[in-house]
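I opened my notebook today to get to know a new structure, one piece at a time. Here is what I looked up, in the order I went.

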Amino acid sequence: MSHSNVDEAVATEAVDVATLVAENASLRDRLLRALADAENTRRRSESAAAEARKYAIADFARELLAVADNLQRTIAAASRSPETVEDQALIEGVRATERLLEHTFSRFGIQKIDALGKPFDPTLHEAMMEVDDPSQPPGTVIRVAEDGYKIHDRLLRPARVFVVKRNPKTEPSSQMEEAEAEFDSHSTEHSS
């Protein structure tokens with residue numbers, strides 16, 4: 001036997017079987033952890049890519065909402081004034097453009113938030129003003145100043161709304177009497 005073969009045989013005999021088994025188990029554990037890590041990274045990147053595809057147009061859509069608002073304002077302003085035949089044709093063209101924009105929004109998962117008559121929801125609505133309306137329950141949206149929109153399940157822009165503020169059963173005079181009574185009770189407490 002050559003000298004290197006002898007050294008190799010001695011080295012092989014010197015290595016304990018238990019050491020090899022432990023080293024093998026350690027390497028196997030590290031390999032399984034690395035594979036699991038790679039799989040998790042793959043899943044996260046696929047999820048991030050899917051989310052990016054789903055919401056990539058959000059900024060662009062947010063900019064287009066101004067166009068939708070202006071089309072709605074144009075139609076509202078035109079319906080308040082008397083129309084000539086030419087005006088009617090122009091307004092019908094604006095309405096057709098608005099319908100086309102709404103159809104395009106729906107194709108890309110952009111939906112208008114239905115707020116009118118619904119309970120105020122701070123996750124979907126932005127209260128512009130509270131108003132008295134005894135015919136409606138408190139917290140009800142009674143007017144929409146600017147439509148809100150969602151893209152898929154995310155808020156794109158909140159609806160700007162007017163909300164009922166007081167209990168319709170409470171009369172203004174009784175509210176005043178309650179406020180005066182509360183003021184009187186506080187002022188007597190502090191003066192004593």
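**First look at the chain**

I began with burial, and found that buried residues make up 19% of the 192 residues in the chain. I noted at once that this is a predicted model.

Next I listed the elements: the chain has five helices and six strands. Reading along the sequence, I wrote down the pattern α-α-α-α-β-β-β-β-β-β-α.

I then checked the contacts with a separation of 6 or more, and residues 24 or more positions apart account for 66% of them.

**The sheet**

In which order do the strands of the three-stranded open sheet stand? I found the order β1-β4-β5, with antiparallel pairing. β1 (110-112) and β5 are at the edges with a single partner strand each, so one side of each has no neighbour in the sheet. From one strand to the next, the twist averages 35°.

I looked at β1 and β4 first: three bridges join this antiparallel pair. Here I110 stands opposite I151 in β4.

I also asked what packs on this sheet, and the helix I found is α3, which touches β1, β4 and β5. The direction of α3 makes about 50° with that of β5.

**The hairpin**

I moved on to β4 (residues 149-151) and β5 (residues 154-157), which are antiparallel and pair over three bridges. Across this pair, Y149 stands opposite R157 in β5.

How many residues lie between the strands in the hairpin of β4 and β5? I counted two, and H152 takes a positive phi near 55° in this hairpin.

**Two helices side by side**

A reminder to myself: two packed helices are described by the angle between their axes and the distance between the axes.

My last stop was α3 (residues 58-80) with α4 (residues 85-107), which pack at an angle of about 150° with their axes 10 Å apart. I noted the crossing of α3 and α4 as left-handed.

Then I went through the residues that make the contact. From α3 they include L64, L65, V67, A68 and L71. From α4 they include I91, V94, L101 and F105, and also R95 and E98. Sorted by class, the contact of α3 with α4 has eleven nonpolar, three polar and two charged residues.

Note on methods:
Residues are numbered from 1 along each chain as its sequence is written. This is a predicted model: local features need pLDDT of at least 70, side-chain atom pairs count only at pLDDT 80 or more; totals for chains, interfaces and linings use all residues. Side-chain values use heavy atoms; hydrogens and water are left out. Two strands pair if DSSP finds at least two bridges between them. Helices (H or I, at least four residues) and strands (E, at least two) are DSSP runs, numbered from the N terminus. Axes are lines fitted to C-alpha atoms, for helices over the stretch in contact, and angles run from 0 to 180 degrees between N-to-C directions. A crossing is left-handed if the near helix is turned anticlockwise from the far one by less than a right angle, and right-handed if clockwise. Contact means heavy atoms within 4.5 Å. Ala, Val, Leu, Ile, Met, Phe, Trp, Tyr, Cys and Pro count as nonpolar, Asp, Glu, Lys and Arg as charged, and the others, Gly among them, as polar. Buried means under 20% relative accessible area, exposed over 50%, partly exposed in between (1.4 Å probe, protein chains only).
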